[in-house]
Amino acid sequence: MSSRKSVMEIQVRYSDLDTLGHVNNSVYQNYFEMGRIMFLESAGFPHESDRHSFVVAHMEVDYIRPVHLGDRITLETELETIGNTSLTFRHTLYRDGTEVCARARAVLVYRENGQKARVPDALRALLREGHIGTTT
């Protein structure tokens with residue numbers, strides 16, 4: 001699949017920090033989630049509803065460098081694969097646009113009416129042809 005990426009800047013908030021003064025590891029999950037939501041919305045997929053949604057089935061994260069309050073961080077989200085019932089995303093979190101702070105991979109399972117389902121052809125087309133955006 002061709003490389004499809006979205007990029008967004010994230011403002012580190014004081015509430016993101018742990019007692020050591022850096023972003024808590026659990027907060028990274030929130031950052032990655034924001035990246036996936038922005039990616040899907042900018043591709044034209046409507047926000048989750050009662051009828052259709054995604055759930056995280058697998059998540060792996062490599063924490064490379066700590067992120068602190070005041071750091072300028074950018075999140076790059078890339079769609080790696082579209083499976084029969086899932087999407088796989090890769091995330092890279094950068095400080096100052098070049099220094100990698102974390103890398104992650106997430107597998108999301110598509111659900112329709114509360115049940116695991118095949119990723120619809122219309123969504124596949126949106127993800128392949130949609131215009132993925134950048135926010136700052």
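Helices (H or I, at least four residues) and strands (E, at least two) are, in what follows, DSSP runs numbered from the N terminus. What I am showing is a predicted model, in which local features need a pLDDT of at least 70 and side-chain atom pairs count only at pLDDT 80 or more, while totals for chains, interfaces and linings use all residues. Residues are numbered from 1 along each chain as its sequence is written, and side-chain values use heavy atoms, with hydrogens and water left out.

Buried here means under 20% relative accessible area, exposed means over 50%, and partly exposed is in between, with a 1.4 Å probe and protein chains only. On that scale tyrosine 28 is buried at 3%, and tyrosine 31 is buried at 2%.

Rings of Phe, Tyr and Trp (its six-membered ring) pair if their centres lie within 6.5 Å, and planes under 30 degrees apart count as stacked, over 60 as edge-to-face and the rest as tilted. A search of the whole structure gives five aromatic pairs. For tyrosine 28 and tyrosine 31 the ring centres are 6.2 Å apart and the planes stand at 50 degrees, so this pair is tilted. Tyrosine 28 also pairs with tyrosine 63, with centres 5.1 Å apart and planes at 85 degrees, so that pair is edge-to-face. The latter pair links distant parts of the chain, since tyrosine 28 belongs to helix H1 and tyrosine 63 to strand E2, 35 residues apart. Tyrosine 63 counts as partly exposed, at 40% relative accessibility. Ring pairs link Tyr28, Tyr31, Phe32 and Tyr63 into a cluster.

I turn now to the charged side chains. A salt bridge is a side-chain nitrogen of Lys or Arg within 4 Å of a carboxyl oxygen of Asp or Glu, and the search of the whole structure finds ten of them. One joins arginine 65 to glutamate 99, with the closest N and O atoms 3.0 Å apart. Arginine 65 is in the loop between strand E2 (52–63) and E3, whereas glutamate 99 is in strand E5, 34 residues apart. Arginine 65 is partly exposed at 36%, and glutamate 99 is partly exposed at 29%.

Another salt bridge joins glutamate 78 and arginine 90, again with the closest N and O atoms 3.0 Å apart. Glutamate 78 lies in strand E3 and arginine 90 in strand E4 (residues 86–95), so the pair ties together parts that are twelve residues apart in sequence. Which of the classes, buried or exposed, does glutamate 78 fall into? At 11% relative accessibility, glutamate 78 counts as buried, whereas arginine 90 is partly exposed at 37%.
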